[in-house]
Protein chains: 2
Amino acid sequence: MTQTEIAIKMVLDRWYGSILNLNKQLSDLNDDQLQKEIVPGKNRGIYILGHLIAVHDDMLILLGIGEKLFPQLNEPFIKQADKVATQIPSATELRIMWAKQNEVLKDKFDKITTAEWFTKHTAVSEEDFLKEPHRNKLNIIITRTSHLQYHTGQLVLLKN
Amino acid sequence: MTQTEIAIKMVLDRWYGSILNLNKQLSDLNDDQLQKEIVPGKNRGIYILGHLIAVHDDMLILLGIGEKLFPQLNEPFIKQADKVATQIPSATELRIMWAKQNEVLKDKFDKITTAEWFTKHTAVSEEDFLKEPHRNKLNIIITRTSHLQYHTGQLVLLKN
């Protein structure tokens with residue numbers, strides 16, 4: 001294994017480990033618990049779950065590996081704050097979307113080659129990428145893992 | 001820049017970005033707020049801060065770059081749960097330790113070479129490392145960044 005391959009493995013291991021960690025939290029919470037606010041006046045569990053799916057859906061675009069699976073989540077879970085949208089999917093529906101999305105992402109990540117991980121993501125121009133080669137596809141995984149961990153730390157607080 | 005150097009930069013950027021993010025949260029919270037439990041019955045802000053310092057102190061050992069700065073934090077903030085220890089440092093003291101530690105860690109990280117980041121950390125044997133080359137020093141930064149983000153997501157909930 002080259003150092004580059006080791007680096008990719010470490011980043012993806014942390015991503016998949018973080019997904020497994022959230023799966024564990026979700027399986028410990030029932031749908032009623034997900035309806036609760038983490039702290040009075042703050043986001044509900046269901047909003048955090050929808051927000052994560054919406055943010056991860058955008059990774060398909062940023063990595064240039066497909067279209068969003070659930071574009072309808074962008075408005076209620078990214079553009080809008082919690083409790084603004086009048087109609088959002090149920091916790092059960094979001095759980096199904098989350099599981100489906102993780103299958104699709106794994107499938108697509110598996111097909112990205114070592115060299116491709118270090119090519120630019122779609123939100124940076126060719127010109128900027130020449131000066132900032134760290135704005136590559138692998139970095140999208142690094143930043144989204146951070147984001148996922150941040151919200152996992154919140155969801156876990158719903159447990160009694 | 002080689003791919004290896006880019007990978008190291010991405011990982012360290014995410015670490016320092018996460019430290020800055022926590023600094024921002026800490027500056028928005030006063031010492032009284034840090035004394036509160038994030039959610040009734042769960043950890044207090046002060047415990048999370050002490051826990052992060054204790055965990056980051058252990059990175060000095062894992063990376064083989066020095067002795068712990070605050071070994072006295074291991075017992076109350078790692079071995080014991082919150083509200084078990086009868087005497088812990090004040091929020092003011094912990095803020096000073098946190099700032100000092102971040103200076104020291106940056107100083108020491110700056111001296112680690114590209115090749116060294118891919119050498120084994122001190123908690124893995126030479127034998128295991130041959131089979132699992134991802135158990136290297138850089139991976140310690142990756143996993144601790146995850147951990148830091150997880151708890152940052154909790155601390156932010158103390159803000160009104």
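This report walks through helix packing, the nonpolar core and a few individual residues in a predicted model.

A word on conventions comes first. Residues are numbered from 1 along each chain as its sequence is written, chains are lettered from A and ligands numbered from 1 in the order in which they are written, and side-chain values use heavy atoms, with hydrogens and water left out. Because this is a predicted model, local features need pLDDT of at least 70 and side-chain atom pairs count only at pLDDT 80 or more, while totals for chains, interfaces and linings use all residues.

**Helix pairs**

Let us begin with the helices, which are DSSP runs of H or I with at least four residues, numbered from the N terminus. Their axes are lines fitted to C-alpha atoms over the stretch in contact, and angles run from 0 to 180 degrees between N-to-C directions. Angles under 35 degrees count as roughly parallel, over 145 as roughly antiparallel, 65 to 115 as roughly perpendicular and the rest as oblique. A crossing is left-handed if the near helix is turned anticlockwise from the far one by less than a right angle, and right-handed if clockwise.

| Helix pair | Axis angle | Axis distance |
|---|---|---|
| α3(B) and α5(B) | about 25° | 10 Å apart |
| α1(A) and α5(A) | roughly 165° | within 12 Å |
| α8(A) and α8(B) | roughly 45° | within 6 Å |

In chain B, α3 spans residues 45–62 and α5 spans residues 91–110. At their angle of about 25°, α3(B) and α5(B) are therefore roughly parallel to each other, and the crossing is left-handed. Contact here means heavy atoms within 4.5 Å. On the α3(B) side the contact includes B:Ile46, B:Leu49, B:Ile53 and B:His56, and on the α5(B) side B:Leu94, B:Trp98, B:Leu105 and B:Phe109 are among the partners. By class, this contact has twelve nonpolar, three polar and three charged residues. For these classes, Ala, Val, Leu, Ile, Met, Phe, Trp, Tyr, Cys and Pro count as nonpolar, Asp, Glu, Lys and Arg as charged, and the others, Gly among them, as polar.

Over in chain A, the axes of α1 and α5 cross at roughly 165°, which makes α1(A) roughly antiparallel to α5(A). This crossing is left-handed. The residues that meet include A:Leu12, A:Trp15 and A:Ile19 from α1(A), and A:Trp98, A:Leu105 and A:Phe109 from α5(A). Nine of the residues in the contact of α1(A) with α5(A) are nonpolar, three are polar and three are charged.

A:Thr145, A:Ser146, A:Gln149, A:Tyr150, A:Thr152, A:Gly153 and A:Gln154 make the contact from α8(A), with B:Thr145, B:Ser146, B:Gln149, B:Tyr150, B:Thr152, B:Gly153 and B:Gln154 from α8(B). Two of these residues are nonpolar, twelve are polar and none is charged.

**The nonpolar core**

A nonpolar core is a set of buried Ala, Val, Leu, Ile, Met, Phe, Trp, Tyr and Cys residues joined through side-chain atoms within 4.5 Å. Buried means under 20% relative accessible area, exposed over 50%, and partly exposed in between (1.4 Å probe, protein chains only). The largest such core has 96 residues, and A:Phe109, A:Trp117, B:Phe109 and B:Trp117 have the most contacts inside it. Helices α1, α3, α5 and α8 of chain A and of chain B each supply at least two residues of this core. Beyond its neighbours within four places in sequence, B:Trp117 has contacts that include B:Ile8, B:Leu12, B:Leu63, B:Phe109 and B:Ile141.

**Individual residues**

B:Ile19 lies in α1 of chain B and is buried, at 6% relative accessible area. B:Ile19 and B:Asn102 are 83 residues apart in sequence, with 8.1 Å between their C-alpha atoms. Neighbours within four places aside, B:Ile19 is in contact with B:His56, B:Trp98, B:Asn102 and B:Leu148.

A:Thr145, in α8 of chain A, is buried with a relative accessible area of 5%. Not counting residues up to four places away in sequence, A:Thr145 touches A:Arg14, A:Trp15, A:Ser18 and B:Ser146.

Finally, A:Lys83 lies in the loop between α4 and α5 of chain A, and B:Lys83 lies in the loop between α4 and α5 of chain B. Phi is near 70° for A:Lys83, a positive value in a residue other than glycine, and phi of B:Lys83 is near 70°. A:Lys83 is partly exposed at 41% relative accessible area, and B:Lys83 is partly exposed at 42%.
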